[in-house]
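This report covers pockets and aromatic ring pairs. Have the model open as you read.

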Amino acid sequence: MRPLLSLLAASVAFPALADEVNIYSHRQPFLIEPVLAAFTEETGIDVNIALIERGMVERLQAEGTRSPADLVLTVDVARLGELKDAGLLQAVESDILDSAIPEALRDVDRQWFGVTTRARIVYAHKDRVAEGEVTSYEDLADPKWEGRICTRPFSNDYNVALTASYLAHHGEEATREWLTALRGNLAKQPEGNDRAQVKSIWAGECDISLGNTYYMGQMLQDAEQQEWANAVRIVFPEFENGGTHVNVSGVGMTAHAPNREAALSLMEFLASDRAQQIYAESNFEFPVLEGVERSEIVAGWGEFTPDTLSLSEISDLRPDALRLIEEVNFDG
């Protein structure tokens, strides 16, 4: 059995084998190799991974029908939507995927499927923010938070998806007002990533921030960042008349997949109990398959009610969400 491959250079070609799956991934290979190794062990099908940190759409377009890629693995519905809109994915029919993955977490045209979820939550300082002081996304616009909120740029995919969810719940004018008020509550100009915001809370620069849940797990595993993580608690805000915004890491089959049957086998394996347990454990994310237990760390964050909005609908609204973010000059 050959080892898993991580191909970083765009000029490197995959080897040609009869039983293989070639993946273009936005995710670091070490995050997904455990589940792919389990797939190879179970099926005998080799898996090759190319890390495409930027320009996945452009690379697939340039390769066209010559592309060796069978599957794309990426995070956030926005990136999945970009691949779909560019005509780079194909519809997949699978009873296994249909039964395992909730309808709200897969594309209406069956071109991408969520394999794990993460919640976009509030990190709150344990001492400076009282329990129950923030409960909703709408509440972030309250003047009581003036000068107390940190965030990464709102043009980032994660915040665009959150804004698209707000837009779906409340409409354009209310979303514009929310963005304007939220911007007025910022302690500093948006910059950095989600973990940088938690560091800012620890440093006393702000009291709350927006972030994805799995960053808490990553910070707790990092000796330098544990102190940041221990300064905050996770709060699961909800939309009024809704739940907590969730997003996905997802998989899609490329339009010209040369190893379609093997690729479908891997997609279906990702929806199995074994794969869901491994994948969610290694990434500090939530399984999409009902009945699969969360990791001990993730379970410790508490229960929440996921929003029931279709991520396909959220994906369709992302251009409008980004336009509103730019109209209010959120990132300034």
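## Largest pocket

The largest pocket has a volume of about 760 Å³. The model is predicted: local features need pLDDT of at least 70, side-chain atom pairs count only at pLDDT 80 or more, and totals for chains, interfaces and linings use all residues. Residues are numbered from 1 along each chain as its sequence is written, and side-chain values use heavy atoms, without hydrogens and water.

A pocket is an open set of points on a 1 Å grid over the protein atoms alone, where a 1.4 Å probe fits, with protein on both sides within 12 Å along at least five of seven lines; lining residues have an atom within 4 Å of a point. Volume is the space filled by probe spheres set on the points, which are joined across faces, edges and corners.

The lining has 26 residues, with His26, Val75, Arg79, Tyr158 and Tyr215 nearest the centre.

## Aromatic pairs

There are nine aromatic pairs in the structure. Rings of Phe, Tyr and Trp (its six-membered ring) pair if their centres lie within 6.5 Å; planes under 30 degrees apart count as stacked, over 60 as edge-to-face and the rest as tilted.

Tyr137 and Phe239 form a tilted pair, because their planes stand at 40°, with ring centres 4.5 Å apart. Tyr137 is buried (under 20% relative accessible area; exposed is over 50%, partly exposed in between; 1.4 Å probe, protein chains only), at 0%. Phe239 is buried too, at 2%.

Tyr166 and Trp178 are stacked: centres 4.2 Å apart, planes at 15°. Both are buried. Ring pairs join Tyr137, Phe154, Tyr166, Trp178, Phe239 and Phe330 into a cluster.
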